Amino acid sequence: MNARGSTSRDAIVRAALAGARDRGWAETSMQEVRLRAGVSNGSLFHHFPTRQDLESAVVAAGLVEHDGALLAELRASTGAREGVRGVVVRHLAWVREHPRVAVLLLSARPPVLRAAIPPEVVEDSRRFFAEVAAWLRRHGWSGQPGLPVVTALWLGPANDVARGWLTAGGEEPAGAVAAVVADAAWDALRAHLRADA
């Protein structure tokens, strides 16, 4: 893909992500995305032949933003407890800041996650999890249980609280609610980490 094609694709993804933020993905039409991006129908459908292809790109872009926010929190932490709790609180804050994108990320179906996610986003995700694993090791994690189990213990309950707020009118994941969920994540992980690290 040449630089112009890459620029058009990036503009389309930015426009689709903006539409998802403003109105929600279900309400964002391909025509709206095309107009926001300032591209032709041919360009839009060249890069994203189907709505599902574009949805995959929006999910990927949202994940990159989300993961960047969590890594910034993790990098700023000075200890295991602070890092575990901080990531949960930041995750829930990101959900509150980007509710329409968050609902898309938290409800993405496997075909959407597998389709059309660019290799650079797959590589970003690999780097994200490698950095999380390295941080965990620096704080005493032996590698067991495996990283998927650790991340499920860490963010699974926060994702459930977020889904409840986003889709079922549950409590907003802020303040005391975020603190309780962050404390629960620390309780779940502290046996696998050094508390003073």
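This is a predicted model: local features need pLDDT of at least 70, side-chain atom pairs count only at pLDDT 80 or more; totals for chains, interfaces and linings use all residues.

Visitor: At what angle do α5 and α9 pack?
Guide: About 20°, with the axes of α5 (residues 80-97) and α9 (residues 147-168) 10 Å apart. That makes α5 roughly parallel to α9 (angles under 35 degrees count as roughly parallel, over 145 as roughly antiparallel, 65 to 115 as roughly perpendicular and the rest as oblique). Helices are DSSP runs of H or I, at least four residues, numbered from the N terminus. Axes are lines fitted to C-alpha atoms over the stretch in contact, and angles run from 0 to 180 degrees between N-to-C directions.

Visitor: Which residues make the contact?
Guide: From α5, they include Val84, Val88 and Leu92, and from α9, Leu155, Ala158 and Trp165 are among them. Contact means heavy atoms within 4.5 Å.

Visitor: And α4 with α6, what's the angle there?
Guide: α4 (51-76) and α6 (residues 99-107) pack at about 110°, with axes 10 Å apart. So α4 is roughly perpendicular to α6. On the α4 side are Glu55, Val58, Val59, Gly62, Leu63 and His66, which meet Val101, Leu104 and Leu105 of α6.

Visitor: New topic. Where is Ser77?
Guide: Ser77 sits in the loop between α4 and α5.

Visitor: Buried or exposed?
Guide: Ser77 counts as buried, because its relative accessibility is 13%. Buried means under 20% relative accessible area, exposed over 50%, partly exposed in between (1.4 Å probe, protein chains only).

Visitor: What does Ser77 touch?
Guide: Leaving aside neighbours within four places in sequence, Ser77 is in contact with Glu82, Gly83 and Trp135.

Visitor: Which peptide bond is cis?
Guide: The one from Gln144 to Pro145, with omega near -5°. Pro145 is in the loop between α8 (119-138) and α9.

Visitor: Last one. Which residues of α2 are buried?
Guide: In α2 (residues 30-37), the buried residues are Met30, Glu32, Val33, Arg34 and Ala37. Just after α2 comes Gly38, with a positive phi of about 70°. Most residues other than glycine have a negative phi, and most peptide bonds are trans.

Notes. Residues are numbered from 1 along each chain as its sequence is written. Side-chain values use heavy atoms; hydrogens and water are left out. Helices (H or I, at least four residues) and strands (E, at least two) are DSSP runs, numbered from the N terminus.
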